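Biologist: I would like to go through this model with you, one question at a time. Please show it first.

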There are 2 protein chains.
Amino acid sequence: MNFSSKLLENAVAEFARLPGVGQKTALRLVLHLLNQDKADVEKFSSTISKLRNEIQFCKVCHNISDHAVCEICASPKRDKTTICVVEDTRDVMAIQNTNQYNGVYHVLGGLISPMDGIGPSDLQVDTLVERMKENEVKEVIFALSATMEGDTTLFYLHKRLKDFHISISTIARGIAFGGELEYVDEITLGRSIATRVPYEGSLSR
Amino acid sequence: MNFSSKLLENAVAEFARLPGVGQKTALRLVLHLLNQDKADVEKFSSTISKLRNEIQFCKVCHNISDHAVCEICASPKRDKTTICVVEDTRDVMAIQNTNQYNGVYHVLGGLISPMDGIGPSDLQVDTLVERMKENEVKEVIFALSATMEGDTTLFYLHKRLKDFHISISTIARGIAFGGELEYVDEITLGRSIATRVPYEGSLSR
């Protein structure tokens, strides 16, 4: 693109480096910011800078936090004997929104992906193993994506944890609630038949 | 959404105010920035702040510029007798990319849109009329979107300019190059029949 201004070009280049944002979208966002008040744009810019400089990661579960220990880990109401292992903070938010889980979390910060050069040492794996040793942990629930990377990570972590005396489980896979059978893919449907659960008059939640 | 951090929540809120960016996309962008080096995020933030504070608008054509007069208006190679009237800087870039136009521009900064409360006084209309008086302008070409707002603006500007001794034109409307007839909408097709052009053995560019 031929920009009429170097400042504009630089700003568009910065936005275009964000995931899923191309040159045209970046230009639209930048022109939108140009139409805003100076104070609003200053707030936008300083909020982002502040986020990056002041953000902390909980030293127990490694979730994003404003404090050294996050609210969930610090709460006396949460069950510290159950740890739910997730990929990132979005998964913590998703599970928190279900109101079905009262244990604590462990945020890996990614999944093992040889294709992208991400191995166990890039993730919070050793700290998870440490938590097994130090704490009164009784159960570990893996809530990882049902993808190649998720399954690889699950396999690896199970190997690392299986010698501790804890129960290890993974969240159930099968057809989603509201899912119409004819639209479910074959692998999911096949596995959900193989892993059928007893039915005694009502669906357990 | 339940954010684990106030800093994170603020940053997501700022991104979610951008056009076409919802909460989930905003969160994805913010988490991406959190994974970047501090220096990179600082550069992102300062580039945007700098853009808003230092950007100028050409005092002749009102296009975005780094200087008081933009490169196009300052260039001795451009034909100052022809002015192309456009909505915003994106249109200038699009027309510049065609390499078909050697005149100068006038950027309105928007289109007349009573629904959005945008009237002629919110746009660079008076400065366009001033340019007619002061300069050696011979032709004005309107290159506005073929929408309700574009047509309204065209109608209004024609009324303001028609008493000056200049030729006024608007860019051609019709089927696009590569356009298959069966997919063209009825209004465009109907108008392109009504405004058919003589054919003498070759298509003029």
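Biologist: What is the handedness of the crossing of H3(A) and H1(B)?

Modeller: This is a predicted model, and the answer holds for the model. The axes of H3(A) and helix H1 (residues 6–16) of chain B lie 9 Å apart, and the two helices pack at an angle of about 150 degrees. Their crossing is left-handed.

Biologist: Which residues of H1(B) does H3(A) meet, and how do the residues of this contact divide?

Modeller: From H3(A), the contact takes in A:Lys43, A:Phe44, A:Thr47, A:Ile48, A:Lys50, A:Leu51 and A:Glu54. On the H1(B) side they meet B:Leu7, B:Leu8, B:Asn10, B:Ala11 and B:Glu14. The residues of this contact divide into six nonpolar, two polar and four charged.

Biologist: Which element gives the most to the side of chain A that touches chain B?

Modeller: Across the whole interface, 47 residues of chain A are in contact with 48 residues of chain B. Two or more residues on the chain A side come from each of helix H1 (6–16), helix H2 (23–34), helix H3 (38–54), strand S2 (64–65) and helix H5 (89–98) of chain A. With 14 residues, the element that gives the most is H3(A).

Biologist: How many residues of that side of chain A are nonpolar, polar and charged?

Modeller: The count covers the residues of chain A that touch chain B. They divide into 13 charged, 14 polar and 20 nonpolar.

Biologist: What is the strand order of the open sheet in chain A, and which are its edge strands?

Modeller: The sheet has four strands with parallel pairing, in the order S4-S3-S5-S6. On average, neighbouring strands are turned by 25 degrees against each other, direction ignored. Strands that pair on one side only are the edges, and here these are strand S4 (103–107) and S6 of chain A.

Biologist: Which residues are the bridge partners that tie S5(A) to S3(A) and S6(A)?

Modeller: Strand S3 (residues 79–86) of chain A pairs with S5(A) in the parallel sense over four bridges. S5(A) also pairs in the parallel sense with strand S6 (residues 167–170) of chain A, over four bridges. Among the partners, A:Ile83 bridges to A:Val140, and A:Ile141 bridges to A:Ser169.

Biologist: What is the handedness of the β-α-β crossover from S5(A) to S6(A)?

Modeller: Between the two strands the chain passes through helix H7 (residues 148–161) of chain A. This crossover is right-handed.

Biologist: Is B:His62 buried or exposed?

Modeller: B:His62 sits in the loop between strand S1 (56–57) and strand S2 (64–65) of chain B. Its phi is positive, about 70 degrees, although the residue is not a glycine. B:His62 has 21 C-beta neighbours inside 10 Å, so it counts as buried.

Biologist: Is B:Asn99 buried or exposed?

Modeller: B:Asn99 also has a positive phi, near 60 degrees, and is a residue other than glycine. Most residues other than glycine have a negative phi. B:Asn99 is found in the loop between helix H5 (89–98) and strand S4 (103–107) of chain B. Because B:Asn99 has 7 C-beta neighbours inside 10 Å, it counts as exposed.

Terms used. Residues numbered from 1 in each chain as written. Chains lettered and ligands numbered in written order. Predicted model: local features only at pLDDT ≥ 70, side-chain atom pairs only at ≥ 80, totals over all residues. Contact = placed C-beta atoms within 7 Å. Nonpolar A, V, L, I, M, F, W, Y, C, P; charged D, E, K, R; others polar. Pairing = 2+ DSSP bridges. Right-handed = clockwise from strand over helix to strand, strands pointing away. Axes fitted to C-alpha atoms, helices over the stretch in contact; angles between N-to-C directions. Left-handed = near helix turned anticlockwise from the far one by under 90°. Buried ≥ 20, exposed ≤ 12 C-beta atoms within 10 Å, placed from the backbone.
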